[in-house]
Structure formats: structure tokens, C-alpha cells
Amino acid sequence: MSQSVNPPRSIQPYIKTQPMQPTVFWRLAEDIPKPLYTALMIASIVVPVLLWWLVTTVGNIDPKFLPSPGQVLEAFGRLWGTRELLKDTVASLWRVGMGFLLAAALSIPVGVLMGSFASIRALLEPLFALIRYMPAPAFIPLLILYLGIGEEPKITLIFIGVFFFNSLMVMDTVKFVPKELIEATYMLGGNRLETLTQVILPHVLPGIIDACRINLAAAWQLVIVSELIAANEGLGRRISVAGRFLRTDEIFVGLIVIGVIGLLFDLLFQYLLRVTCNWANQKR
Amino acid sequence: MFLEVNSLNKQFETAKGTLVVLKDIDMQIEQGEFICAVGASGSGKSTLLRQIAGLDRPTTGEVKVDGKTVHGPGPDRGMVFQHYTLYPWMSVQENTEFGLKLQGVPKAVRREQASYFLNVVGLTQFAQSLPKALSGGMKQRVAIARALASEPKVLLMDEPFGALDIHTKESMHEFMLELWQRTGITIFMITHDVEEAVFLSNRIFALGARPGTVRKVMQINLPDRSQMVKRHSIFHDYRDELMDLLRKHGQEALAVV
């Protein structure tokens, strides 16, 4: 038997116990009841609109500074009636669509190759990492110089803004494929090409969809920037023209339409992820 | 000899110099044996299995399966990994068929083959489930069915039950023994669990650490292979002998460091 050693003093008096109160709203990393969740989600939109309405009705504010929700709705109806809003939206959507699809079509295979082969990664990553830190709008003077002021520079701007980010993000998702999954495929008789197409690709599909979802938001920002230069129609063009003539209500219309379309795209991608990659859904 | 490891050495070049992981490993294994290679961490047992699997090349020496030298990975050696390596987007059935698909087996044939082995591991009713719906023990049974579907010459297992709780582990042990008796397949399993090794194998290679060498080959003859045998003095003798062996070499290795 070894001698028992007594500590010099008890630690007990120094220990402060902190009781944990039950809570609903402040549950940390836990779910809250569904009705509360839905109510809070509705409040998230309704409360700001209500405040906006209250401020513009009660307060004596110049509509050129802050139009009321009603006035913005009116402006929406006006722009919709003349079909200008539709033309602007279609023009912007087309630019985003072209630029983003071209960038995605190239960056997905390039990113997968960079993630799968260290050789390709070494060849491209330094260059891509460098260009990634050059803000896409800073390319505008060059694009105008090389491509003029038509649709090409606008689409190219979106391409530049999406391609490099998307390549690097897709590359990162490939790095998360467990090495053992690849080795298991070799043991089952798979060669490198089969492993790439039948194991790595399906494994990174959810990651690719998510990377595209995030970078589509970037594309949507760049289309507005590109239309500030020189454009005959487009939502960005609409906002800058409205600004010049102090039509604040039309600025609000443009902003809200851009926001809603962006949100719809985001939801579309989330839906796509759910239906194509059911296996990757995390249970919470 | 069915599975041979001939004077195998494996060393890695590191910043601090050459690290010898495996030194002069020789193993002769007959067809139909259940072999466990037991060693503490640092005995290079996983490295050894990777050489046999062909996922890694020995520095010198060779591995032969049924007379043919191993040059790379292939389905003649079924492999069950320590971590779950099922394809999460494929159903249990598709997972089990996948090796056969890679090897160009026609759809109808591979479906039948996979169904047979899913039945062997008792998971027929989960054929259409995704792996995420399965428990840890069930996942490893699918991995075993997937490896067996290619009718390998030897089944290689890398601490396959390390992540399982004790009760699941015991039922997996009984399952393995039944599978072994039923199929007569040669099994080479890596483990650090001494009781697991004694209970399952007919021969044990005890590995010493730093560098990994075969310290002793133990023939195991148990009166029977039920859970009751674990209370038998013969079982205890084997277990204690193996424990002493590993402890001794573990201390030697520590003394060197």
C-alpha cells in the first residue's frame, strides 16, 4: 500500500456551480419547435417591411429619399406594364446564365482534375490562387479594351468572377474523398479512370452543387456591376438610370427583383441537391 | 504454399533518416487457414497488410498468392478495411455488386452473385437500403459480402471490428467463424485484440515492434469455438502467452526509444 497523499486544501470552495435554465429560444445547436420556427421565419420578412411602412407613413419623409412600400409597388406595376422590367430581367438573366454556365462547364472538370491529380494541382493552383485575389470588376477596363462594349465583356466578366473560385472550391471537395474509399475500389478491380468517374465524381457531386450555388450568387452580383458600364437594358442598368433621375422607387424595384431572383436560384439549387443526392442529406 | 511472404522488408525515408517498419518478414500460409497477425501499435501490422494487398510495394522481398507474385491491388484478395468503405450513394445491393461491375460481369450474373452473398451475411432484407441506414456491424458485413462476391483467394481484414461495441464484436466473431467454416476461405486478419485473435485463428503471428518482425508463430487448438471457450484454461493460457510476448517486446521497443 502506498501512502495516501492529502491535497493541501479542498478545491470545493472555489468551484462555482452554474445552473442551466431550460429555454426554448436560446437552445444552442438544437432544434426549436416547428411552429416557432415558422413564425420567426415569417417575422424575418414581415417585420422589416412593417417598419418600412410605418416610417414612411408616420414620419414625414421625402419619397425621393425613401419611398413607401405602396409607392414601390406602384413603380413595379408601372415598369411591369411597359414591359421594361421584363426586358431588363431577361437581359440580366441571359448574361448570368451564359457566363455562369460557361464557367461551370469548364471549372467543374478542371476542379475535379486538380483535386484528383497532384500534378494538375501543382500546375494550376498557384495561378488560380493568384487570379482569385484579383477582383473581377478590376478587369473591366481590360475587357472593354479587348472585347468592346457589347455582351462579350459582360459575359467574360462573370466568367472570370466564377471560374477561378469554382475551380478551387470543387478541388477542395475532391480532397474530402476518403483515401480508403479509393483504395477499396482498387481492391475490387477498378482502374484509375473507373475510380475517377464511378467513385470520386458521385462522391463530390453534392459538393459541386453547393459550390455552384455559392458562386451563382457571385455571378448575380457581377452582372449588376457589368451593366453599370454600358448597357441598353438590364436590372443593373435600370438601377443606375433610376439613380440618375432620382427615381428612388425604381431603385427599390430593381433591388427587390434582384434579391428575389437570387433567392429563387438558391432554393432551386437546394432542391436539386435534395433530389439528386439523397444519400448526402444529414440527419439532424 | 497458398499465401507466402518471402523475406519482406519495408522502410521509409524520413527527414530523420531511414525508418525500418518491417524487417525480414516470412510467412507461409496454407489454403483455408484463419490467420491473425497480432501486434501493438508500431509493429507495422497495417503496413504488412498493405503489402499483401498490393496497395504498397515492399522495399525488398515479395508476396505470393497461389504462386503468383503480387504487383498491385486486385480482386483476388478481398479487402475489408478498418473504417467503413461502403459507397454511400449506392444501395447495399449495388455496393455488393460494384466489384463485379468493375470486372465486367454481366448484370444478371452479378445480381445473383451479390444476392447470394448478402444472404450469407444475413442482410437480404436490407438489399435496397442505403449504407447510412445500417449499424456499424451491418456495414462491415456488407463490406465482407462485397469482398467475397469476387470469390477472392484470400480475405484480408484490417482491424475490421475495432470500431464496434463489445456485443456486436462478439456476434461478428461468431459470424466470421461460421463464414469461415461454410466457405473454407483463407482469412488473414490484422488485430491488436489478443482475445479476438485467440478466439478466431488457427494460427497467430505475433509481431514485435520497431522494427516489425515475426516474434513467434502460435498454433491455436481450442476444444471448441463458442463463447464458453473463453472461460477455459487453455484459452487463458494462449491469451496470457500472447500478452506476455507483446508486453515484453513492447517494453524492449520503448527501451530502444
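How many bridges join strand 6 of chain B to strand 7 of chain B, and do these strands run parallel or antiparallel? Select both strands, 77–80 and 154–158. They run parallel, joined by 4 bridges. Keep in mind that this is a predicted model.

**Stop 1: the sheet**

Zoom in on Met79(B). Its bridge partner in strand 7 of chain B is Leu156(B). Now widen the selection to the open sheet of chain B. It has 6 strands, in the order 6-7-8-3-9-10, and the pairing is mixed. Look for the edges: strand 6 and strand 10 (213–219) of chain B each pair on one side only. Neighbouring strands of the sheet are turned by 20° against each other on average, direction ignored.

Next, select helix 1 of chain B, residues 45–53. This helix packs on the sheet. It touches strand 3 (34–38), strand 6, strand 7, strand 8 (186–191) and strand 9 (203–208) of chain B. The direction of helix 1 makes about 150° with that of strand 7 of chain B.

**Stop 2: two domains**

Colour chain B by domain. Domain 1 covers 3–76 + 153–256, and domain 2 covers 86–151. Their centres, taken over C-alpha atoms, are separated by 26 Å. Where they touch, 10 residues of domain 1 of chain B are in contact with 8 residues of domain 2 of chain B. Select helix 5 of chain B, residues 166–183: it gives the largest share of the domain 1 side, 4 residues. That side divides into 8 nonpolar, 2 polar and no charged residues.

**Stop 3: Gln93(B)**

Go to helix 2 of chain B, where Gln93(B) is found. Is Gln93(B) buried or exposed? Gln93(B) has 21 other C-beta atoms within 10 Å, so it is buried. Show its contacts beyond the neighbours within four places in sequence: Ala114(B), Leu118(B), Ala127(B) and Gln128(B). Then draw a distance line to Val194(B), 101 residues apart along the chain. The two C-alpha atoms are separated by 34 Å.

**Stop 4: where chain B meets chain A**

Show both chains. The contact takes 20 residues from chain B and 13 residues from chain A. On the chain B side, strand 6 (77–80) and helix 2 (92–102) each supply at least two residues. Which element of chain B gives the largest share of the side that touches chain A? Helix 2 of chain B does, with 3 residues. Colour the chain B side by residue type: it divides into 12 nonpolar, 6 polar and 2 charged.

Notes:
Residues numbered from 1 in each chain as written. Chains lettered and ligands numbered in written order. Predicted model: local features only at pLDDT ≥ 70, side-chain atom pairs only at ≥ 80, totals over all residues. Contact = placed C-beta atoms within 7 Å. Nonpolar A, V, L, I, M, F, W, Y, C, P; charged D, E, K, R; others polar. Buried ≥ 20, exposed ≤ 12 C-beta atoms within 10 Å, placed from the backbone. Domains from an automatic or database assignment. Pairing = 2+ DSSP bridges. Axes fitted to C-alpha atoms, helices over the stretch in contact; angles between N-to-C directions.
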